[in-house]
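Here is a short tour of one structure, written for someone who likes to look at the atoms. Have your viewer open and follow along.

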Amino acid sequence: RAKQTGKGIACFFDAEMDAAVRTRRQIENDLRHAVVRRQLFLEYQPLVDVRDDRVVGYEALLRWRHPDRGLVSPSVFIPIAEESGSIIQIGEWVLEQACFEAVRWNEPVPISVNISPVQFLLPNLFDQIEGILRRTGLEPRRLELEITEAALMHNRDDVLTTLIRLRLLGVRIVMDDFGTGHSSLSNLQTFPFDKLKIDCSFTAALDKDPAAHAIIRAIIALGQSLNLPVVTEGVETERQRQIIVEEGCQQIQGFLSGRPGRAPSSSQLPARDRLKSAEA
Ligand code: C2E
Ligand code: MG
Ligand code: MG
Ligand code: MG
């Protein structure tokens with residue numbers, strides 16, 4: 001189409017595409033140094049019980065402060081890190097940092113950490129997580145791993161084995177963004193999930209789209225019959241909260257009850273300057 005409307009426009013598209021490719025390559029490159037240059041940090045968003053507004057846990061959300069670009073969104077850099085493989089190193093840093101920080105919180109509530117499907121390609125993911133729990137001293141019961149349906153697509157037997165071993169340690173497994181991936185309900189039968197999270201996109205459409213409402217209702221009912229707690233993500237308004245409470249959902253996460261932010265208050269344990277130095 002660009003060709004028909006003239007060479008000038010085609011060139012314009014080429015130049016734009018070129019710039020996008022260069023930006024991407026730069027981000028990919030800069031990501032390789034993000035851990036050692038200490039540009040990464042975690043924010044925490046509360047999960048709240050709707051019955052009493054109690055905070056029942058926090059999700060760790062990764063942030064990247066780039067020296068020139070400022071804060072880069074994880075929805076931009078995580079896919080790039082996954083394609084380039086940096087997510088392996090970054091994911092390990094996230095796990096260790098989240099566990100390290102959570103041990104210092106005053107309330108011993110659960111901490112949820114997102115695990116990329118790419119991390120399941122590691123043959124030693126179980127050992128890595130077990131080692132981190134041991135080194136940081138976080139009780140396995142406090143750790144929840146959020147995985148998406150994409151993690152269940154390949155090497156299903158290996159993934160299943162890893163999840164079963166983690167669960168035997170006491171770690172809990174959460175299905176994130178339920179209903180948006182290559183969903184197969186049989187995944188809920190095969191894999192040992194402890195909780196379901198309804199994706200923000202359904203919540204956002206709740207007021208306008210009867211289909212979104214019906215899907216949320218069905219997921220909550222499914223959770224109840226499988227005896228799995230359900231969390232609704234992305235609750236921004238009182239109206240949305242009302243609807244999902246009426247549908248029987250007991251936990252919410254969203255801007256209405258708290259934005260991602262600083263860690264909950266911590267006791268004054270001596271700060272450890274470098275995570276790795278304590279292992280020496
Ligand atoms: P997610 O795991 O589904 O996390 C929830 C996302 O929804 C977060 O976006 C959160 O800030 C956002 N959110 C929470 N409440 C609301 C709300 O009321 N309204 C709206 N519009 N959004 C809300 P964030 O922090 O930008 O992260 C985006 C995604 O990046 C995450 O989705 C997760 O898939 C990925 N991610 C973040 N941190 C990590 C990480 O440490 N490792 C991996 N592998 N992925 C991560
Ligand atoms: Mg998540
Ligand atoms: Mg989610
Ligand atoms: Mg998501």
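Predicted model: local features only at pLDDT ≥ 70, side-chain atom pairs only at ≥ 80, totals over all residues.

The report below starts at a strand, moves to its neighbours and ends at a metal site.

## Strand β5

## Neighbouring strands and crossovers

β5 has parallel partners. Strand β4 (residues 111-114) is joined to β5 by four bridges, and Val113 sits opposite Leu145. Strand β6 (residues 172-178) also pairs with β5 in the parallel sense, again over four bridges; here Ile147 has Met175 as its bridge partner. From β5 the chain passes through helix α6 (residues 156-169) to reach β6, in a right-handed β-α-β crossover.

The unit formed by β4, helix α5 (residues 125-136) and β5 is right-handed too.

## Helix α5

The buried residues of α5 include Leu125, Phe126, Ile129, Ile132 and Leu133. Among the elements covering the buried residues of this helix are α4 (87-102), β5 and α6. Just after the helix, Gly137 takes a positive phi of about 80°.

## The nonpolar core

The largest nonpolar core has 68 residues, and those touching the most other members are Ile111, Val113, Leu143, Leu145 and Ile147. Helix α4 supplies the largest share of this core, with eight residues. Leaving aside neighbours within four places in sequence, Leu143 is in contact with residues including Cys99, Ile111, Val113, Ile129 and Leu133.

## The magnesium site

Which residues hold the magnesium ion (ligand 3)? Asp176 and Asp177 (OD) and Glu233 (OE) coordinate it, at 2.0 to 2.3 Å. Asp177 lies in β6 and Glu233 in strand β8 (residues 230-233), 56 residues apart, so to speak a link between distant parts of the chain. Asp176 also bridges this ion and the magnesium ion (ligand 2), and the two ions lie 4.1 Å apart.

Is Glu233 buried or exposed? Its relative accessibility is 8%, under the 20% cut-off, so Glu233 counts as buried. Asp177, at 23%, is partly exposed.

Technical notes
Residues numbered from 1 in each chain as written. Chains lettered and ligands numbered in written order. Heavy atoms only, no water. Pairing = 2+ DSSP bridges. Helix = DSSP H or I, 4+ residues; strand = E, 2+ residues; numbered from the N terminus. Right-handed = clockwise from strand over helix to strand, strands pointing away. Buried < 20%, exposed > 50% of the residue type's maximum accessible area, 1.4 Å probe, protein only. Contact = heavy atoms within 4.5 Å. Core = buried A, V, L, I, M, F, W, Y, C linked by side-chain atoms within 4.5 Å. Donors = N, O, S within 2.8 Å, 3.2 Å for Na, K, Ca; no water.
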